[in-house]
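Subject: Structure for your review

Dear colleague,

Please find below the structure that I am handing over to you. I would be grateful if you would read the notes that follow alongside it.

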Amino acid sequence: MFDWIQNLADWLVYDVLNLTKGVHLAEALNFFIYDSIKILLLLFVIIFFMGIVNSYFPIDKVKNYLSRNKLYGLEYLMASLFGVVTPFCSCSSVPLFIGFVRGGIPLGVTFAFLITSPLVNEVAIGLFIGLFGLKTTIIYVVSGILLGTISGFILQKLKLEAYLTPWVKEVLANAQKEQDIFIAEKQSLKQRLSVIWSEVLNILKGVIPYVLVGIAIGGLMHGYIPEGFFEKYMAKDNLFAVPIATILAVPMYSNASGILPVAQVLVAKGIPIGTAIAFMMGVVGLSLPEAMLLKKVMTFKLIAIFFSVVTLCIIISGYLFNIIL
Amino acid sequence: MAINKTNIMSKVIKILGTGCPKCKTMTGIVKEVVSENNIDATVEKVEDIMEIMKFNVMTTPALVIDDIITIKGRIPSKDEVLALLK
């Protein structure tokens, strides 16, 4: 499917630039051109597709659905699934949280949504397909959804309402299964497409610099780090690798677009995929800026519990990946 | 709040957002549209989360014109803002 891109990269590097095959610089450049084109194309397709889905399932509809329906335990999974199709911006996490609480949606279900939304998003999926292939992507997406579901369920069982900030508790007390008068904008497909199109361009514009820098760093490492270099240090049977990688990752704030291309090279050079995925989930799913924002609605204790439960689940899934893959 | 209440034609534009880059972009676009087209309007940024929640929006930035939410969760184009203000 991507042969033509490889041919194009070969042509540019070996014919147009006249570099010798097998030289470090040539190989790194070839890798950079091939990966950049392939990943940008994939990102474009996935972001566009998700934009269409999201246009028909806007967040207000999701909230009303979760608020209205008794789902007998399935609500965690549903919230998690909705998190996948909703584009996440950490600056919206607080209004979103309040909106959910106000709609009478249980705290754990809200958490399920808040965990999956950044973890499995259109950019991460596009990058994953391009870098790791379809099989690993499916495993990542499915485990991301399960991670949100299970963490949300655990957090609900911990009965954390007492640790919300006072004004949010007030909101909670006044929560009602309200049906906001949600007037679905009657839009023709053409109108929708023009909005989606400009969103696609906005998202792409935002991530392209990170992706290119990430691929460039990856390209350099690809050419210069010998095969199997990391195997010595991070072998599969090293029990501490997964927790260390995850705990290092949580405070890191990078959008996935920069970190994933580098992680791919690390995997190619011998870091076990489960360890790498745990690391990526830590980077993508939890971040300090998000914690700072959440301070407006949660006490420090609640944020600490929230992050600990998710971190623990990430570590467990890291071990699982190392066993399965 | 410095809203000119004597002029009934003056529009009150509010931009709801907790201060993320997207919200700043939207503010810039709206201000440009207002000044380029000599629209009689006050532009106000609402950053306080409790104020924002009064409008019941869950995605920011949101554009509120005369207390009606017109756009939420995305950055509009200049043409779109102009059409909303006309």
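This is a predicted model: local features need pLDDT of at least 70, side-chain atom pairs count only at pLDDT 80 or more; totals for chains, interfaces and linings use all residues.

Two elements of chain A each give two or more residues to its lining, namely α8 (134–157) and α15 (300–324). Of the elements involved, α15(A) gives the most, with six residues. The lining is made up of Ile139(A), Ser143(A), Leu146(A), Leu147(A) and Ile150(A), together with Cys313(A), Ile316(A), Ser317(A), Leu320(A), Phe321(A) and Ile324(A). By class, nine of the lining residues are nonpolar and two are polar, while no charged residue takes part.

**Helix packing that involves the pocket helices**

Both helices named above also pack against other helices of chain A. Helix α11 (residues 241–249) of chain A packs on α15(A) at an angle of about 135°, and the two axes are 9 Å apart. That angle makes α11(A) oblique to α15(A). The crossing of this pair is right-handed. On the side of α11(A), the contact is made by Val242(A), Pro243(A), Thr246(A) and Ile247(A), and on the side of α15(A) by Thr311(A), Ile314(A), Ile315(A), Gly318(A), Tyr319(A) and Asn322(A). Six of the residues in this contact are nonpolar and four are polar, with no charged residues.

For α8(A), the partner is helix α7 (residues 122–132) of chain A; the axes of the two come within 7 Å and cross at roughly 145°. Here too the crossing is right-handed. From α7(A), the residues Ile125(A), Phe128(A), Ile129(A) and Phe132(A) meet Leu134(A), Thr136(A), Thr137(A), Tyr140(A) and Val141(A) from α8(A). This contact comprises seven nonpolar and two polar residues, and no charged ones.

**The α5–α6 pair**

Helix α5 (residues 93–102) and helix α6 (residues 107–119), both of chain A, have axes that come within 10 Å and cross at roughly 150°. That crossing angle makes α5(A) roughly antiparallel to α6(A). The pair crosses in a right-handed sense. Ser93(A), Leu96(A), Phe97(A), Phe100(A) and Val101(A) of α5(A) meet Leu107(A), Thr110(A), Phe113(A) and Leu114(A) of α6(A). Seven nonpolar and two polar residues form this contact, and no charged residue is part of it.

**Two backbone features**

Most residues other than glycine have a negative phi, and most peptide bonds are trans.

Asn18(A) has a positive phi of about 55°, although it is not a glycine. This residue lies in the loop between α1 (3–16) and α2 (24–56) of chain A.

In chain B, the peptide bond from Thr60(B) to Pro61(B) is cis, with omega near -5°. Pro61(B) is placed in the loop between α2 (49–54) and β3 (62–65) of that chain.

With kind regards

Definitions and conventions: Residues are numbered from 1 along each chain as its sequence is written. Chains are lettered from A and ligands numbered from 1 in the order in which they are written. Side-chain values use heavy atoms; hydrogens and water are left out. On a 1 Å grid over the protein atoms alone, a cavity is a set of points where a 1.4 Å probe fits but cannot get out, and a pocket is an open set with protein on both sides within 12 Å along at least five of seven lines; lining residues have an atom within 4 Å of a point. Helices (H or I, at least four residues) and strands (E, at least two) are DSSP runs, numbered from the N terminus. Ala, Val, Leu, Ile, Met, Phe, Trp, Tyr, Cys and Pro count as nonpolar, Asp, Glu, Lys and Arg as charged, and the others, Gly among them, as polar. Axes are lines fitted to C-alpha atoms, for helices over the stretch in contact, and angles run from 0 to 180 degrees between N-to-C directions. Angles under 35 degrees count as roughly parallel, over 145 as roughly antiparallel, 65 to 115 as roughly perpendicular and the rest as oblique. A crossing is left-handed if the near helix is turned anticlockwise from the far one by less than a right angle, and right-handed if clockwise. Contact means heavy atoms within 4.5 Å.
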